Amino acid sequence: MDQPLRVGVAGLGTVGASVVRILSRRENALGRGGRGIRLVGVSSRTRNRDRGIDIDRCAWFDDPVAMARSQDLDCFVELIGGSDGVAKAAVEAALDAGKHVVTANKALLAAHGLDLAKLAEKRGVALAFEASAAGGIPVVKTLREALAGNEIIRVSGILNGTCNYILSRMEQEGLSFADCLADAQRLGYAEADPTFDVGGFDTAHKLSILASLAFGTEIDADAIYVEGISSITPLDLKMADDLGFRIKLLGVAERSKSGIEQRVHPTMVPKDSAIAQVMGVTNAVTIDADAVGEITLVGPGAGGDATASAVVADISDVARGRVGAPFGLPTARLDKLKRAPMQRHEGGYYVRLSVLDRPGAAAAIATRLAQADISLESIVQRRAETPNDDPEQRSHRAVPVVLTTYATSETAIRAALEKVIADGHIAEAPQLIRIERE
Ligand code: HSE
């Protein structure tokens, strides 16, 4: 009988503590029929904190890099987070020392995934990262293994639980952005720095991993167009509702004529679409592939136990001796990603303008759009909250005007809005949200 796989966990935050709990609960079940798994070491910033877990039986390391190099370890589990610094140093040290690595660190993979995969390949060890994208949903395995017989055309979805939680609660309970974010932090969904969530960067990190697996390309997070949700206002959510949409932060990676388009931005989706039904911390990933067609995976995208479920699955794979190419292909066979510029993107747009309440303003805006050959699908002007009979006073206040367009290009809508701004009819920067109807 093989010796058990000796595991060390670095980082005992929400996810790390859950991993320790699951490993101790499922020690026997995980080992059934194969090599056992034993937690032998832990490392974290503070030792004497009550995490509700028993770590007395394993070695404590103040320094995760020292644990990564320890001779008593076969598999290093990195749950520290961050693209550089100690997480990177520890993962490199572990791989270099010939240890398998399991990580949930999407920021690290987005920035250094290719180099780390090369190092793992050189040492003949695993670099496993199921937990890095979409929390508990097994989407990495799905793309890398289950869909190996397919050419992938598109991967898209809701990849950040915090943003979906915030947008859902703002829409359904009328709560403020700040209150919803505070709750997401309290529930352990948000990143240590929540700007990564609400700024769209966490979604971009995850999308870069999925795109590499889907298209057999070198991971390239810099090629992703990123917009977050912080500019979404209660009025946008209300207008979306009135127009038959919900707003979701989507990540989309797809093959196009000009290359691979990768984008992250708030998106209006029809209220009756499948993606619009995904609420709260739930994530959903839709994969369009040539042989199988369309597959959607839905599940918890954040939170300790859900993410730990994916981490433990990777540890279990390592224990079974599954050491494949991290991104599905040997690194030398991954293509360079050919980036499709965002300006080429085509689709419908929601545009919200704060228009100065004076004669001809709305007509001038419509004219600018017509000149750019942009066809309006709808136009709504909201009455100002307080009536005012004085045209001079009215001309200094702004009223919301919301337009939706039929399909046009990013270049055309941006150029038209530049002209609208230059005409001086609006009081603040336009709000632009892309519409996806499928
Ligand atoms: N902060 C992330 C989220 C955690 O909200 O989805 C999972 O990666």
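In this predicted model, strand 7 and strand 9 (residues 245-256) pair in the antiparallel sense, with four bridges between them. Valine 155 has alanine 253 as its bridge partner in strand 9. Strand 7 also runs antiparallel to strand 11 (residues 282-289), to which six bridges join it. Here serine 156 has threonine 286 of strand 11 as its bridge partner. Strands of a sheet pair through backbone hydrogen bonds, in a parallel or an antiparallel way. Of the seven residues of strand 7 (residues 152-158), six are buried, so this strand is largely enclosed by the rest of the structure.

Another sheet is open and has six strands in the order 3-2-1-4-5-6, with parallel pairing. Its edges are strand 3 (59-61) and strand 6 (127-128); each has a single partner strand, so one side of each lacks a neighbour in the sheet. Within this sheet, strand 4 (residues 75-78) and strand 5 (residues 100-103) run parallel and are joined by four bridges. Glutamate 78 has threonine 103 in strand 5 as its bridge partner. Helix 4 (residues 85-96) packs on the sheet and touches both strand 4 and strand 5. The direction of helix 4 makes about 165° with that of strand 4.

| Strand pair | Sense | Bridges |
|---|---|---|
| Strand 7 and strand 9 | antiparallel | four bridges |
| Strand 7 and strand 11 | antiparallel | six bridges |
| Strand 4 and strand 5 | parallel | four bridges |

In helix 11 (residues 234-243), the buried residues include Asp236, Leu237, Met239 and Ala240. These residues lie on the same side of helix 11, because they cover an arc of only 165° around the axis. Glycine 244 follows helix 11 and has a positive phi, near 90°.

Methods. Residues numbered from 1 in each chain as written. Predicted model: local features only at pLDDT ≥ 70, side-chain atom pairs only at ≥ 80, totals over all residues. Heavy atoms only, no water. Pairing = 2+ DSSP bridges. Helix = DSSP H or I, 4+ residues; strand = E, 2+ residues; numbered from the N terminus. Contact = heavy atoms within 4.5 Å. Axes fitted to C-alpha atoms, helices over the stretch in contact; angles between N-to-C directions. Buried < 20%, exposed > 50% of the residue type's maximum accessible area, 1.4 Å probe, protein only. Arc of directions from axis to C-beta.
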